[in-house]
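Colleague: Could you give me a close look at one part of this model, namely the packing of its helices? Please state the cut-offs behind each term as you go.

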Amino acid sequence: MTVRQVLSGKGADVVTIAPDKTLAQAAKLLADKRIGAVVVSSDEKAVAGILSERDIIRALARNGAAALDQKVADSMTRDVVTCSMQADADHLMRLMTDGKFRHVPVVEDGVLVGIVSIGDVVNRRLSDIEAEQQALKQYIASA
Ligand code: AMP
């Protein structure tokens, strides 16, 4: 299963936020879109960082409510692990588990083209397992 297959089920929409926005704006965006992380980008193409709900929690724990006025750039992770459309989704699960993060932006020729969350990979995996089970049942019933 490739990242391209995972994205074909959920679409290529990626929510981004500019690095000079505040953590309050980022928190509202995450809540409105019902997502756990947002790619940080000034032009919606190049990945400057990633900001997840965990980064916001850490900033709040460190600085209290004042953290909400701080810039996204100050709390985001800059060293982002990305993947290509051709990447193997099982390999991605390993990367996420080892790196303890749940989101991987998809980049082609330096341009952001999608994002895969651990939920997307698990969903796709479950669908594949269900399809395999169904095929096996049919095979046994017709044998
Ligand atoms: P998450 O589990 O995705 O909510 O993120 C947990 C932590 O990992 C946060 O500090 C994120 O900024 C960071 N993070 C999330 N995704 C990535 C990624 N693809 N590469 C590097 N760090 C990430």
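Modeller: Two residues are in contact when heavy atoms lie within 4.5 Å. Helices are DSSP runs of H or I with at least four residues, strands are runs of E with at least two, and both are numbered from the N terminus. The model is predicted, with pLDDT of at least 70 required for local features and 80 or more for side-chain atom pairs, while totals for chains, interfaces and linings use all residues. Residues are numbered from 1 along each chain as its sequence is written, and side-chain values use heavy atoms, without hydrogens and water.

The protein chain contains 6 helices and 5 strands, arranged from the N terminus as α-β-α-β-β-α-α-α-β-β-α. Its C-alpha atoms occupy a box of roughly 65 × 35 × 25 Å along the principal axes.

Two packed helices are described by the angle between their axes and the distance between the axes. Here, axes are lines fitted to C-alpha atoms over the stretch in contact, and angles run from 0 to 180 degrees between N-to-C directions. Helix H2 (residues 23-33) and helix H3 (residues 53-63) cross at roughly 140°, their axes coming within 11 Å. H2 and H3 are therefore oblique to each other; angles under 35 degrees count as roughly parallel, over 145 as roughly antiparallel, 65 to 115 as roughly perpendicular and the rest as oblique. Their crossing is left-handed, in that the near helix is turned anticlockwise from the far one by less than a right angle. From H2, Leu23, Ala26, Ala27 and Leu30 meet Glu53, Ile56 and Ala59 of H3. This contact of H2 with H3 comprises 6 nonpolar, no polar and 1 charged residues, where Ala, Val, Leu, Ile, Met, Phe, Trp, Tyr, Cys and Pro count as nonpolar, Asp, Glu, Lys and Arg as charged, and the others, Gly among them, as polar.

Helix H5 (residues 89-99) packs with helix H6 (residues 118-142) at about 140°, with axes 10 Å apart. H5 and H6 are therefore oblique to each other, and H5 passes H6 in a left-handed crossing. Ala89, Asp90, Met93 and Met96 of H5 meet Ile118, Val121, Val122 and Arg125 of H6. The residues of this contact of H5 with H6 divide into 6 nonpolar, no polar and 2 charged.
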